[in-house]
Amino acid sequence: MRIAGEVEITGRIQALTLPAVGFHPTFKVRLANDELTVDLVFVGHRSLPGFRVGRHMTARGKIVAGDHPVIYNPIYWLKADAS
């Protein structure tokens, strides 16, 4: 599936990737739902509070299409954990 343009995706965080020491800070989050898996790339961040594998979230931004869809510096909302 090839997607490009502005999208909003709600799903679960599947993976978090922290930057290697000595490299430019780039925090990566893999977000997936039943239809799409997208890498969210937060340039200039080593981490962000509240992000953890399994948490629900929504992200909005412009997808850069390629081998794997990527959204750079998306707007995001973390969903409250169920009690």
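Me: Which residues does Phe42 touch, not counting residues up to four places away in sequence?

Reply: A contact is read from distances between heavy atoms, here within 4.5 Å. In this predicted model, Phe42 touches Pro25, Thr26, Phe27, Val29, Leu48, Phe51, Asn73, Pro74 and Tyr76, leaving aside residues up to four places away in sequence.

Me: Which residues of the largest nonpolar core touch the most other members?

Reply: That core has 16 residues, and those touching the most other members are Val29, Val38, Leu40, Phe42, Phe51 and Met57. At least two residues of this core come from each of strand E1 (5-17), strand E2 (26-32), E3 and strand E4 (56-64).

Me: Among the contacts of Phe42 was Asn73. Where does Asn73 lie?

Reply: Asn73 belongs to the loop between strand E5 (70-72) and strand E6 (75-78). Although Asn73 is not a glycine, its phi is positive, at about 45°. Its relative accessible area is 43%, so Asn73 is partly exposed.

Me: How many salt bridges does a search of the whole structure find?

Reply: The search finds 2 salt bridges. In one of them, the side chains of Arg60 and Glu8 meet at 2.9 Å, N to O. This pair links distant parts of the chain, with Arg60 in strand E4 and Glu8 in strand E1, 52 residues apart. Arg60 is partly exposed, with a relative accessible area of 32%, and Glu8 is partly exposed as well, at 48%.

Me: With which residue does Asp39 form a salt bridge?

Reply: The partner of Asp39 is Arg30, and the closest N and O atoms are 2.7 Å apart. The side chains of Asp39 and Arg30 are also joined by a polar contact of 2.7 Å.

Me: Is Asp39 buried or exposed?

Reply: Buried means under 20% relative accessible area. Asp39 has 16% relative accessibility and therefore counts as buried, whereas Arg30, at 31%, counts as partly exposed. Asp39 is part of strand E3 (residues 37-43). Its contacts, without residues up to four places away in sequence, are Val29, Arg30, His68, Pro69, Val70 and Ile71.

Conventions: Residues numbered from 1 in each chain as written. Predicted model: local features only at pLDDT ≥ 70, side-chain atom pairs only at ≥ 80, totals over all residues. Heavy atoms only, no water. Helix = DSSP H or I, 4+ residues; strand = E, 2+ residues; numbered from the N terminus. Buried < 20%, exposed > 50% of the residue type's maximum accessible area, 1.4 Å probe, protein only. Polar contact = N/O pair within 3.5 Å; in protein donor to acceptor, adjacent residues only side chain to side chain. Core = buried A, V, L, I, M, F, W, Y, C linked by side-chain atoms within 4.5 Å. Salt bridge = Lys/Arg side-chain N within 4 Å of Asp/Glu carboxyl O.
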